[in-house]
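Reader: I am new to this one. Could you walk me through how to read its features?
Author: Gladly; let us look together.

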Amino acid sequence: MQVIKYVFQPHGDDRGQLIALEEFRDIPFRIKRVYYMYDTAKDVIRGFHAHRHLQQILVCIHGSCKIRLDNGKEKKVVPLEKPYEGLYVSNNMWREMYDFSPDAVLMVLASELYDESDYIRNYEDFLEYVENCDDTAAKGKGE
Ligand code: T46
């Protein structure tokens, strides 16, 4: 499994850092939604689902957390701890987010509006779905 991480360009000067994210320039899709999670309780694991169509970029803009990715054949753990790094999460990818530091803010840029019918929340259903599905957006994307 290829882990696709984007390194964003900080516009730094003696006042500090600023990062700007533009669709199709820094982010490989039209950004239809932004959400973020914070105040995550100790030892909590979030996620436990995949999406049929949604593509996302996850940026831990403060603190740190870990993302477990699973494409049905292989699993990888990706630490997120830098505000200038974005993890691309394709459709057809099971994800779990865990090990949040108390100050973690995990921001997500999403290619679609919120749609509960896009979620696959049962792991056995996910394995069956990816076995029979060949439209994973990550295929062909470079690092
Ligand atoms: C994902 C990972 C990385 C909304 O009303 N609108 C939204 O856009 C979202 C994302 C959530 N919600 C509601 C639905 C639930 O009542 O917020 C509540 C928590 O959502 P959920 O349990 O799905 O959160 P996570 O952290 O398990 O997953 C979220 C995203 O849902 C998911 O798409 O990829 O973050």
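Reader: Which strands each supply at least two residues of the shell around the ligand?
Author: This is a predicted model, and here strand 2 (33-37), strand 3 (46-51) and strand 8 each do so. Strand 2 gives the most, with 3 residues. Among the residues that surround the ligand are Arg 33, Tyr 35, Arg 46, Arg 95 and Met 97.

Reader: What does the shell around the ligand have by class?
Author: Sorted that way, the shell has 5 nonpolar, 2 polar and 3 charged residues.

Reader: In what order do the strands of the open sheet come?
Author: The 5 strands run 6-5-8-3-10, and their pairing is antiparallel. Strand 6 (75-80) and strand 10 (119-120) each have a single partner strand, so one side of each is left without a neighbour in the sheet.

Reader: Over how many bridges do strand 5 and strand 8 pair?
Author: Strand 5 (residues 65-70) and strand 8 (residues 94-98) pair over 5 bridges, in the antiparallel sense. Within that pair, Met 97 of strand 8 stands opposite Ile 67. Met 97 is also one of the residues surrounding the ligand.

Reader: Which residues is Ala 137 in contact with, leaving aside its neighbours within four places in sequence?
Author: Those are Gln 55, Ser 90 and Asn 91. For Tyr 84, 53 residues apart from Ala 137 along the chain, the C-alpha separation is 23 Å.

Methods
Residues are numbered from 1 along each chain as its sequence is written. This is a predicted model: local features need pLDDT of at least 70, side-chain atom pairs count only at pLDDT 80 or more; totals for chains, interfaces and linings use all residues. Two strands pair if DSSP finds at least two bridges between them. Helices (H or I, at least four residues) and strands (E, at least two) are DSSP runs, numbered from the N terminus. A residue is near a molecule or strand if its C-beta atom, placed from the backbone, lies within 6 Å of it. Ala, Val, Leu, Ile, Met, Phe, Trp, Tyr, Cys and Pro count as nonpolar, Asp, Glu, Lys and Arg as charged, and the others, Gly among them, as polar. Two residues are in contact if their C-beta atoms, placed from the backbone, lie within 7 Å.
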